[in-house]
Amino acid sequence: MADHSPVLRIVTSAAREFLEPLGLARRGRSRLWVDDHGWWLGVVEFTPPRTAGSGLHVGAMWLWHDVDHLAFHVDAVRVGAELFRSEDQFTPLARGLGRQAAAEVSALRERFPALPDVARYLTSRPVRRGFLWDGFDAGIAAALVGDPDTARDHFERVFREDALAPWMVAAREKVCELHAIAADRDAVTAWVVRGVDSCRSRLGLGPVPLAIS
């Protein structure tokens, strides 16, 4: 559904007030903002409801997935929609969402300051049957920090998932490749750098010197 112009204007103003000082960039004229860390992104979406208004979704995206769209691989927060009834009523609500988005972005930065912190987080999450990407991400992070045994354990969780769709077959093919090189940290790093470079290009983020650390 097309956004009502007062809503988009108010939401954008709130996002600029609270997110631009943190260095986030807006994606075109959308409700999406990104916090670029080279090989991962903090992603903020002021989610549109069925009627005029806005919710909030903040999370992290690992660019080794090499996709052409923004995604939430780790959820930080989801907030239900604040509905628009008038500019006076909605403006403070939008500012509240902007303030909360900034706080969640800061919390993600504190949670994931470096690769070892990401690896500890991803490998310590409870196993969730049916969440194929959990094992994929945890395996990659473990291999990148030089823990091939943990990496293989997580990759093998992916093998135990039924490949019921073409994207799952493609994911398992990637995991087979990564499982075979898990003990070669340099090879895994090269694989990740290629994927991140490709993903950044597909997202129009532009190249940056990558330090996967």
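**Reading the labels of a predicted model**

Me: Why is D117 called partly exposed?
Reply: In this predicted model, D117 has a relative accessible area of 22%. Partly exposed covers what lies between the buried limit, under 20%, and the exposed limit, over 50%, so D117 at 22% is partly exposed.

Me: What makes D117 and R120 a salt bridge?
Reply: The closest N and O atoms of D117 and R120 are 2.7 Å apart. The rule asks for a side-chain nitrogen of Lys or Arg within 4 Å of a carboxyl oxygen of Asp or Glu, and the pair therefore qualifies. Both residues lie in helix α3 (residues 115-124), three residues apart, about one turn of the helix.

Me: Why is R120 called exposed?
Reply: R120 has a relative accessibility of 52%. Exposed means over 50%, so R120 is placed in that class.

Me: How do you know that E87 and R9 tie together parts apart in sequence?
Reply: E87 forms a salt bridge with R9, with 2.8 Å between the closest N and O atoms. E87 lies in helix α2 (residues 87-111) and R9 in helix α1 (residues 5-19), so this pair links parts that are 78 residues apart in sequence. Both are partly exposed, E87 at 35% and R9 at 47%.

Me: What makes E17 and R95 a link between helices?
Reply: The side chains of E17 and R95 meet in a salt bridge at 2.5 Å, N to O. E17 lies in helix α1 and R95 in helix α2, so the parts they tie together are 78 residues apart in sequence. E17, at 37% relative accessibility, is partly exposed, and R95, at 31%, is partly exposed.

Me: How many salt bridges does the rule count, and which residues are linked in a network?
Reply: The count comes to ten salt bridges. R125, R128 and D134 are linked in a network of them.

Me: Why is H65 called buried?
Reply: H65 has a relative accessible area of 6%. Buried means under 20%, so H65 is buried. H65 lies in the loop between β4 (53-62) and β5 (74-83).

Me: What makes the H65 and D137 pair a polar contact?
Reply: The side chains of H65 and D137 come to 2.7 Å. The limit for N or O atoms is 3.5 Å, with one atom able to donate a hydrogen and the other to accept it, so the pair is counted as a polar contact.

Me: Is H73 buried or exposed?
Reply: H73 has a relative accessibility of 18%. With buried set at under 20%, H73 therefore counts as buried. The side chain of H73 reaches the backbone nitrogen of W62 at 3.0 Å, and among the residues that H73 touches are H65, R125 and D137.

Me: How do you know that domain 1 and domain 2 touch?
Reply: Domain 1 (6-112) and domain 2 (115-182) come from the domain assignment. Eight residues of domain 1 are in contact with 13 residues of domain 2. The two bury about 900 Å² between them, 71% of it on carbon and sulfur atoms. In domain 1, W64, H65 and F112 lose the most area to domain 2. Across this interface the rule finds zero salt bridges, while two residue pairs are in polar contact.

Methods. Residues numbered from 1 in each chain as written. Predicted model: local features only at pLDDT ≥ 70, side-chain atom pairs only at ≥ 80, totals over all residues. Heavy atoms only, no water. Domains from an automatic or database assignment. Contact = heavy atoms within 4.5 Å. Buried area = accessible area lost by both parts, 1.4 Å probe. Helix = DSSP H or I, 4+ residues; strand = E, 2+ residues; numbered from the N terminus. Buried < 20%, exposed > 50% of the residue type's maximum accessible area, 1.4 Å probe, protein only. Lists of a residue's contacts leave out its neighbours within four places in sequence.
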